[in-house]
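Open the model in your viewer and keep the selection tool at hand.

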Amino acid sequence: MVAKVPDIAPTVDILLGNLEDGVPASDKEAARAGLVEVGKTMDLGDTALWTRINSLDSPWALDDLTTLVSEIGDKLDVIMIPKVEGPEDIHYADRLIAQLEAKAGLTKPLLLHAILETAQGVANVEAICGASPRMQGLSLGPADLAANRRMKTTRVGGGHPDYLVRADPDPDNAEASRTIYQQDLWHYTIARMVDACVTHGILPFYGPFGDIADTVACEDQFRNAYLLGCVGAWSLHPVQIAIAKRVFSPRPQDVAHARRVIEAMGDGTGAIMLDGKMEDDASVKQCKVVVELAQELAARDPELAASYGF
Ligand code: GLV
Ligand code: MG
């Protein structure tokens, strides 16, 4: 994995050194040492370096925090804490990191990102987001969350063919087949995450999509999260990087439309008709969300800037 870092780093916004699930118990120390090596020796350019440490109730979390903050605290931007249950977990990490930062003489505060992956965490989501000024964002952890809630899906993110609504029967033909529509298992949780994050001025992310071969469903799951307000998603495999970039950057036609509405609305107040649709103060704000995101992304990506005509 370390050998792939120089090729992958320039293609992503964030590179995350994962020490938690996915790393066998026998390799925990080696993974931590490997991340320290990356932090000390590799130049990642503009790409942020994050880590996911082991959960706070594991035998590794204390050494993860102690080693990483002391050794590469100046290279790390964000520490992701898995299985956060409530604000007390964030308070604990915040205090410990403050001590380690002071000891290491760090001047830039490390930020915290919580993974929402237990029912209790979801119940406490607002308090988690507001637990520390270090809080940078939240990610959905659909696999652990499904297990903890005793949901009956064995998939990592995405829908399930049995979670559906069915059209009414044909009154003249009770035997006729009825259309079914698969529903999004994650809608409720993502919507709660987005509201809690916006309330506290931090950023919501979709987490993992485990069916690497099903790039179409991955794109659908990412797009649902994007439309609901998420700013990004994890890529578990290089094939998901292009999907995430495509989905979380507004489409050029949507940016062009948003700019047209803003232009037509003049000072942004009142109401007008454009192509048969009502536009007003509120819809201009919606359009500004799209254009401002496009501008932020274009500032870092000349190809995107050209596609938006900036
Ligand atoms: C991610 O950590 C998940 O459990 O889905
Ligand atoms: Mg998890």
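Predicted model: local features only at pLDDT ≥ 70, side-chain atom pairs only at ≥ 80, totals over all residues.

Start by selecting Ala48 and showing what surrounds it: setting aside neighbours within four places in sequence, Ala48 is in contact (heavy atoms within 4.5 Å) with Asp13, Ile14, Leu15 and Asp77. Ala48 belongs to strand β2, residues 48–52; helices (H or I, at least four residues) and strands (E, at least two) are DSSP runs, numbered from the N terminus. Ala48 counts as buried because its relative accessibility is 17%, where buried means under 20% relative accessible area, exposed over 50% and partly exposed in between, with a 1.4 Å probe and protein chains only.

Residues are numbered from 1 along each chain as its sequence is written, chains are lettered from A and ligands numbered from 1 in the order in which they are written, and side-chain values use heavy atoms, with hydrogens and water left out.

Next, select Pro10, in the loop between α1 (5–8) and β1 (14–18). Is Pro10 buried or exposed? Pro10 is exposed, since its relative accessible area is 63%. Apart from neighbours within four places in sequence, Pro10 is in contact with Val5 and Thr47.

Move on to helices α3 (residues 61–72) and α4 (residues 87–104), which pack at an angle of about 35° with their axes 9 Å apart. Here axes are lines fitted to C-alpha atoms, for helices over the stretch in contact, and angles run from 0 to 180 degrees between N-to-C directions. Show side chains, and you will find Leu62, Leu65, Thr66, Val69 and Ser70 of α3 meeting Tyr92, Leu96, Ile97, Leu100, Glu101 and Ala104 of α4.

Now select the magnesium ion, ligand 2: its protein donors are Glu117 (OE) and Asp144 (OD), at 2.1 to 2.2 Å. Donors are N, O and S atoms within 2.8 Å of the metal (3.2 Å for Na, K and Ca), and water is not among the atoms, so sites may look incomplete. Glu117 sits in the loop between β4 (111–116) and α5 (119–123) and Asp144 in helix α7 (residues 142–149), so the pair ties together parts that are 27 residues apart in sequence. Glu117 is buried, with a relative accessible area of 4%, whereas Asp144 is partly exposed at 24%.

Then colour the cysteines. How many disulfides does the structure hold? There are zero disulfides, a disulfide being a pair of cysteine sulfur atoms within 2.5 Å. The closest cysteine sulfur to that of Cys197 is in Cys129, 4.2 Å away, and therefore too far for a bond. Cys197 is buried at 0% relative accessibility, and Cys287 is buried at 8%.

Gln240 is buried at 1% relative accessibility. Beyond neighbours within four places in sequence, Gln240 is in contact with Phe209, Ile212, Cys218, Phe222, Trp234 and Ser235.

Finally, zoom out. The protein chain comes to 13 helices and 11 strands, and 41% of its 310 residues count as buried.
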